[in-house]
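Dear colleague,

Please find below the structure for your records. I would be grateful if you could read the notes that follow alongside it.

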Amino acid sequence: MITIALSKGRIFEETLPLLKAAGIEVLEDPEKSRKLILTTNQPDVRVLVVRATDVPTYVQYGGADLGITGKDTLLEHGSQGLYQPLDLRIAKCRISVAVRSDFDYQSAVKKGSRLTVATKYVAISRDFFASKGVHVDLIKLYGSMELAPLVGLADAIVDLVSTGNTLKANHLVEVEHIMDISSRLVVNQAALKLKQAQLRPIIDAFESAVAAG
Ligand code: PRP
């Protein structure tokens, strides 16, 4: 049995064509069903529906053989026990620093004053501001980060930006682009050895589909 961990939403939708290239078709729609284990047209391949932040955990501990997860999630989780053979170039976005449009970020950073930053991405933010030599107090949030500068909880946020519409709707502006994000294939290192014959064709099919664009 090959078990693939996926999260609902954009990653799931953008993974379907890659699975198809590997001859795998998911037979149930996670948006319509409450089932967490989905069957496929291949009797020995199943899909687990997990929270995006839990994908690396399932793969690391062997609950799943393969998973698809954003670079942001991987950097926060750490890559222990995970083989990362491919950038799938799906679910592309960026991770940025944003502030209220009336906040003078450049001066705050230059003056060496402490900056309060609200984010779900604590590890990425810590590394980024440390590399700039900027002192930050990090406040961990789990969503709706855009609110924090609006209610005085933080000077800045570090969050994913795709179209920029969420920032705009909340009168925030992007002041630094930290990195580009896309989704990666992750493979359990032990499974890669033990299930080589079943996993390799899937990885190769994904690779060809990505190369074909
Ligand atoms: C992400 C991110 C932003 C939004 C950016 O949230 O946290 O809020 O998308 O997209 P945009 O630039 O196209 O407006 P998501 O909807 O993934 O939910 P989350 O709050 O659970 O992260």
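By class, the shell around the ligand consists of five polar, three charged and two nonpolar residues. Please note that this is a predicted model. The residues in question are Lys120, Glu146, Asp159, Leu160, Val161, Ser162, Thr163, Gly164, Asn165 and Thr166.

Two elements, β9 (156-161) and α7 (165-169), each supply at least two residues of this shell. The strand β9 makes the greatest contribution, with three residues.

- Asp159: an N or O atom in the side chain of Asp159 is 2.9 Å from an oxygen atom of the ligand.
- Ser162: here a polar backbone atom of Ser162 is involved, at 2.8 Å from a ligand oxygen atom.
- Thr166: an N or O atom in the side chain of Thr166 is 2.5 Å from an oxygen atom of the ligand.

On its own, the ligand has 500 Å² of accessible area, and the protein covers 60% of that area.

The domain assignment of the chain gives domain 1 as 2-91 + 182-212 and domain 2 as 93-181. A distance of 30 Å separates the C-alpha centres of domain 1 and domain 2. Seven residues from domain 1 and eleven residues from domain 2 take part in the contact.

How much area do domain 1 and domain 2 bury between them? The figure is about 740 Å², with 55% of it on carbon and sulfur atoms. On the domain 1 side, Asp72, Leu75 and Glu76 supply 62% of the area buried against domain 2, which is more than any other three residues provide.

With kind regards

Definitions and conventions:
Residues are numbered from 1 along each chain as its sequence is written. This is a predicted model: local features need pLDDT of at least 70, side-chain atom pairs count only at pLDDT 80 or more; totals for chains, interfaces and linings use all residues. Side-chain values use heavy atoms; hydrogens and water are left out. A residue is near a molecule or strand if one of its heavy atoms lies within 4 Å of it. A polar contact is a pair of N or O atoms within 3.5 Å; within protein, one must be able to donate a hydrogen and the other to accept it, and residues adjacent in sequence count only if both atoms are side-chain atoms. Accessible areas come from the Shrake-Rupley method with a 1.4 Å probe; for residues, only the protein chains shown count as cover. Helices (H or I, at least four residues) and strands (E, at least two) are DSSP runs, numbered from the N terminus. Ala, Val, Leu, Ile, Met, Phe, Trp, Tyr, Cys and Pro count as nonpolar, Asp, Glu, Lys and Arg as charged, and the others, Gly among them, as polar. Domain bounds come from an automatic or database domain assignment. Contact means heavy atoms within 4.5 Å. Buried area is the accessible area (1.4 Å probe) that two parts lose on being put together, summed over both.
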